[in-house]
Amino acid sequence: MVWSKEGFLTPEVDVNACINCGACVKACPAQPGHQQKQQSTALETPSAYGGWHAEEDTHLASSSGGIFTALADEVFAAGGCVFGVVWANKDTARFSKAENKEELAAMRGSKYTQAIPGMVYREVRAELKKGRRVLFCGTACQVYALRQYLRKDYENLLLVDILCHGVPSRNLLLGYIREWERQEGKAIERIRFRDKATDWQNYQVTKIFTDGSTISHCNKEDMFIRLFIGDLALNQACYACPHARFPRAGDITLGDFWGNLQHLHPDWPIRKGIGSLLTNTDKGKRILKSLEESGQIHLHPEPVENLLQGQRTTYLRQAPVPAKRESTLKRLNTEPIPRLYRELCQRVQCGPFLIRKNGLIHRAYNRLRRMKNQLMSKVSRPVS
Ligand SMILES: Cc1cc2nc3c(=O)[nH]c(=O)nc-3n(C[C@H](O)[C@H](O)[C@H](O)COP(=O)(O)OP(=O)(O)OC[C@H]3O[C@@H](n4cnc5c(N)ncnc54)[C@H](O)[C@@H]3O)c2cc1C
């Protein structure tokens with residue numbers, strides 16, 4: 001897998017070594033028209049929950065409810081190992097294996113970049129063949145790819161897929177790091193994308209510099225998050241993701257509970273983060289239930305519709321490819337991120353002019369447009 005010019009991991013075939021067996025095409029989760037085959041054990045209807053870890057430190061260190069750590073601890077207790085994503089350095093994430101709680105700590109937290117799989121699928125199979133319990137956590141396409149690679153269900157394997165907005169180009173992350181290092185005149189050591197220091201719903205992106213200093217920005221004002229969430233720089237395959245659907249790829253699906261919690265459940269620890277959980281197989285259901293019974297997690301059944309609320313990406317996401325995607329990806333290689341941010345996230349086209357989004361002129365323009373539409377609908381209403 002090599003980084004393409006657009007900043008995505010792309011397969012490159014060594015034609016001299018290739019024996020044309022087609023195994024890579026069969027396993028590739030991004031193959032056009034590739035429909036997700038159901039797990040033989042998939043439940044017809046998943047059970048949905050809101051949940052969070054009972055231990056405060058773990059809860060706060062995780063991106064949402066911290067349920068991933070509870071699942072991992074369960075697997076460690078049975079002598080198993082966990083595969084998940086860690087930072088290899090400040091701009092690269094990769095899959096890794098954890099044998100204990102200490103090694104697991106680096107897996108916590110969402111890394112908003114495409115993780116390098118390396119030899120992880122092969123390593124998972126080797127551990128399964130030894131008879132060990134294994135937890136694998138990644139995006140739905142990665143979980144699907146693992147299942148395709150293994151070609152059979154293993155009772156000792158727990159698959160967890162995370163809800164995924166899509167992966168942004170690595171060039172966005174590189175440009176963002178370059179910009180902050182230039183502005184501050186010092187090197188970044190690590191970025192924490194989901195810092196809950198102030199509040200989970202208004203999470204911050206925290207840049208940690210090599211001298212120990214930090215700078216944080218609320219996600220709504222952060223250049224990286226706005227360009228990422230604005231869908232302008234996602235991997236082509238993500239816009240028509242065949243895995244953002246029911247049944248999901250994993251035994252369990254983990255995400256953020258972005259629904260209107262202040263209204264639905266004001267008594268939940270909202271500021272610390274609430275996970276949205278789906279159990280897609282009996283195995284997944286059994287494990288979550290046992291974690292709840294042993295007091296390690298809080299689990300509350302919830303209608304699936306409540307979990308879908310507020311998700312820009314849904315479980316069934318098919319997003320249109322924005323007209324500016326291609327040009328944005330090209331510009332990421334040559335232009336500074338603040339310029340792209342200003343133009344693409346802070347300005348909107350208003351007739352022939354580019355004006356400040358939600359500024360005075362934009363608000364007045366929208367108001368006039370609404371008035372015009374109301375007037376037009378009155379004029380065109382048939383006379384009874
Ligand atoms: C690129 C990306 C987009 C996401 N988009 C959404 C979304 O639109 N809606 C939503 O509800 N949730 C989304 N999530 C998931 C969410 O942020 C949490 O990861 C999830 O709720 C689990 O949280 P937790 O507190 O249980 O565990 P945490 O400890 O925070 O979870 C960490 C787990 O996520 C995995 N992980 C981290 N980064 C990556 C990566 N780059 N690739 C693959 N796996 C990774 C790790 O292996 C680890 O197992 C996204 C996550 C990522 C990485």
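These legends go with a handful of close-up views of a predicted model.

**View 1. Helix α7 and what it packs on.** Here's α7, running over residues 170-184, 15 residues in total. From first C-alpha to last it reaches 21 Å, close to the 21 Å expected at 1.5 Å a residue. Look for the buried positions: R170, N171, L172, L173, G175, Y176 and W180. What do these buried residues pack against? Strands β1 (2-3), β8 (188-195) and β9 (204-209) are among the partners, and so are helices α8 (223-229), α13 (325-332) and α14 (337-345). Just after α7 comes G185, with a positive phi of about 70 degrees.

**View 2. Helices α5 and α6 crossing.** Two packed helices are described by the angle between their axes and the distance between the axes. For α5 (residues 120-129) and α6 (residues 140-150), the axes come within 10 Å and cross at roughly 55 degrees. That angle makes α5 oblique to α6, and the crossing is right-handed. Zoom in on the contact and you'll find Y121, V124 and R125 on the α5 side, meeting A145, L146, Y149 and L150 of α6. Sorted by class, that contact has six nonpolar residues, one charged and no polar ones.

View 3. Which way does the phi of R151 go, positive or negative? It's positive, near 65 degrees, in a residue other than glycine. Most residues other than glycine have a negative phi. R151 sits in the loop between α6 and β7 (157-162). Is R151 buried or exposed? It counts as exposed, because 10 other C-beta atoms lie within 10 Å and the cut-off for exposed is 12 or fewer.

**View 4. N20, a non-glycine with a positive phi.** N20 isn't a glycine, yet its phi is positive at about 60 degrees. Find N20 in the loop between β2 (9-10) and α1 (23-27). With 7 C-beta neighbours inside 10 Å, N20 counts as exposed.

View 5. Most peptide bonds are trans. The bond joining F246 and P247 is cis, with omega at about -5 degrees. Where is P247? This proline lies in the loop between α9 (236-239) and β11 (252-256).

Technical notes
Residues numbered from 1 in each chain as written. Predicted model: local features only at pLDDT ≥ 70, side-chain atom pairs only at ≥ 80, totals over all residues. Helix = DSSP H or I, 4+ residues; strand = E, 2+ residues; numbered from the N terminus. Expected span 1.5 Å × (residues − 1). Buried ≥ 20, exposed ≤ 12 C-beta atoms within 10 Å, placed from the backbone. Contact = placed C-beta atoms within 7 Å. Axes fitted to C-alpha atoms, helices over the stretch in contact; angles between N-to-C directions. Parallel < 35°, antiparallel > 145°, perpendicular 65-115°, else oblique. Left-handed = near helix turned anticlockwise from the far one by under 90°. Nonpolar A, V, L, I, M, F, W, Y, C, P; charged D, E, K, R; others polar.
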